[in-house]
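The sequence and the model are shown first.

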Amino acid sequence: MSDRKTNHISALDRFFHVTDRGSSVSREVRGGFVTFFTMAYIVVLNPLIIATVKDAEGQFIGDGSTPNIPLVAAGTAFVAGLLSILMGVIGKVPFAMAAGLGLNAFVAFGIASQMSWESAMGLVFIEGVIIALLVLTGFRTAVFNAIPSQLKTAISVGIGLFIALIGFVDAGFVRKAPAVPLELGIGGNLTSWPILVFVVGLLTVALLVARKVKGAILIGIVATTVLAIVVEAVTKVGGPGTPDKPNPSGFRLVVPEMPKEIFGFQNPLVLFREFDPVGAFSSVSVLMALLFVFTLLITDFFDTMGTIVGVGAQAGLIKEDGSLPKTREILLVDSIGAAVGGAGSVSSNTTYIESAAGVGEGARTGLASVVTGVLFLLAIFVSPLVAVVPYEAAAPALVIVGFLMMTAIREIDFSDYEIAIPAFLTIVLMPFSYSIANGIGAGFVSFVLIKLVKGKAREVHTLMWVVAALFVVYFALGPIKILLGLA
């Protein structure tokens, strides 16, 4: 029996190159669990965005008459599970996938408000097909390889800051304020029980990581979740409330309490009937539809590129020349994710920066992504349990991982302004504009312009000029729409 078990583990080891990357099967499993816990919120949050918004025809996604949150939650988990497993098996990297935040809001509020849900998801599907073709033709991989190594490092550092900010904001540790863009806690004070849960969780994870405890991040998430359940049982602070009656002192997304039931199931395949790849072109002008696709394409293209650079660097997968093994396969699976997300009516799926949490736990191979994917599939059947882990318990992992990713900043030569200024803009604009693509765009455009002004245009790769030009168009979409009478 032990020989069979050993052979089984050896087969996993050989297929995913576990030992070759300095990892172990147990570490990969822990990493997969950590990534899932830091991403599980999307099963709750994506339906709140996708399923509660009416389209231009006054219909909800699904049956059309009422918001079907459980169905969209099942679809979100199903697609995320399949794609994460696919990324693990084909890309063999610890990058998990799920419906992209930001993109889903743009689809819901920017696109579906002007056409039917079926047509909006059809545009997402088209964007995924186009981006997959760019991978198959070698264009997307070539762009990845054309980025200077120090700019790639800046992308990783910027994502580290971005992840940390996401963690702080999700937990309510920093919030929007009337007088200033952000403030500490509620009215400048850390006065709620959920914030205390987050602070205790953050200190717990930080101490465990500093002491190099195996499973530090996973232990921190589980322990903080238990603390959150106890706090809610004693204080009854509840959730975030409603727009009419907000509860700023409550937990930010889900109330951490033991569910009344454990099992629940919705058939996610129903949603695969909800997309129409041609309907958009009769709902709005062809030019407007193309602008929608272009916006989705640029955002998806470079958000993913930034994520795989950042997480790949954290996992030690980036080579000295700045390349990443199996880049083509990774980008192809990610591109398929956009198309499948549209076909499954849960919005474009993309590689998640929260994958860095699993990497922080020690994950180095695709086995971790397979574990995460399996957990997403199980979430379809035990969806009530997914809602037990609050933001406040998962967010500490993001903050600590953000710190770990920021340590790469020492590799940037800040005495060389030709690279330092683009690197700085890349780093700061990701968290400040809450967008990976915006940070990358600012870095690319400034890099090209500085080289041009200094008479070093020949040092810039041709594809960097092409991408910089596309970003100029991307940043100027507002004025362009006004000039064309589309805004």
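The buried residues of helix 5 (residues 103-111) are covered by elements that include helix 3 (41-50), helix 6 (117-136) and helix 12 (286-314). Helices are DSSP runs of H or I with at least four residues, numbered from the N terminus. This is a predicted model, in which local features need pLDDT of at least 70 and side-chain atom pairs count only at pLDDT 80 or more, while totals for chains, interfaces and linings use all residues. Residues are numbered from 1 along each chain as its sequence is written, and side-chain values use heavy atoms, with hydrogens and water left out.

**Helix 5**
- Leu103, Asn104, Val107, Ala108, Gly110 and Ile111 are the buried residues of helix 5, where buried means under 20% relative accessible area (1.4 Å probe, protein chains only).

**Helix 8 and helix 17**
- The axes of helix 8 (residues 149-170) and helix 17 (residues 391-406), lines fitted to C-alpha atoms over the stretch in contact, come within 7 Å and cross at roughly 160 degrees.
- The two helices, helix 8 and helix 17, are therefore roughly antiparallel, a term for angles over 145 degrees.
- Contact means heavy atoms within 4.5 Å.
- Residues making this contact include Ser156, Gly160 and Asp170 of helix 8 and Tyr391, Leu398 and Met406 of helix 17.

**Helix 2 and helix 10**
- Helix 2 (residues 25-39) and helix 10 (residues 216-235) have axes that come within 9 Å and cross at roughly 45 degrees.
- Arg30, Phe33, Val34, Phe37 and Thr38 of helix 2 meet Ile217, Leu218 and Ile221 of helix 10 in the contact.

Conventions: Axes are lines fitted to C-alpha atoms, for helices over the stretch in contact, and angles run from 0 to 180 degrees between N-to-C directions. Angles under 35 degrees count as roughly parallel, over 145 as roughly antiparallel, 65 to 115 as roughly perpendicular and the rest as oblique. Buried means under 20% relative accessible area, exposed over 50%, partly exposed in between (1.4 Å probe, protein chains only).
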